[in-house]
Amino acid sequence: MENQLALDDQAIARDTLQRLLEAGISRHDALHAIGSVLAERIYDALKETPEVTDLYAPYQAALQGLTPEKWRHG
């Protein structure tokens, strides 16, 4: 997860981390929250049909919708 945050093209992950930190989530828990979204998308990608070509857009959308409440209860 730290590698992803360090990449130039991962502004959405950095923005999500910042938003979660500002909402009172510890950095440790925020990283777990973002990682849980990534793990879910990887799992979903493995189940999807070969015709699915854009795996990044659903990940971005999931990060944008990630809140402390969703992570704690989801």
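Buried here means under 20% relative accessible area, and exposed means over 50%. The structure is a predicted model.

**Helix H3 and its salt bridges**

Helix H3 covers residues 27-47. Under a 4 Å cut-off between a side-chain nitrogen of Lys or Arg and a carboxyl oxygen of Asp or Glu, the model contains two salt bridges. Side chains of opposite charge can pair when their charged atoms come close. The pairs are listed below.

| Salt bridge | N to O distance |
|---|---|
| Arg41 and Asp44 | 3.1 Å |
| Asp44 and Lys47 | 3.9 Å |

Arg41 and Asp44 are three residues apart within helix H3, which is about one turn of the helix. The spacing of Asp44 and Lys47, also both in helix H3, is three residues, again about one turn. Through shared partners, the salt bridges link Arg41, Asp44 and Lys47 into one network.

Lys47 has a relative accessibility of 55%, so Lys47 counts as exposed, the threshold being over 50%.

**Ile34**

Ile34 also belongs to helix H3. Its relative accessible area is 0%, and Ile34 is therefore buried.

Terms used: Residues are numbered from 1 along each chain as its sequence is written. This is a predicted model: local features need pLDDT of at least 70, side-chain atom pairs count only at pLDDT 80 or more; totals for chains, interfaces and linings use all residues. Side-chain values use heavy atoms; hydrogens and water are left out. Helices (H or I, at least four residues) and strands (E, at least two) are DSSP runs, numbered from the N terminus. Buried means under 20% relative accessible area, exposed over 50%, partly exposed in between (1.4 Å probe, protein chains only).
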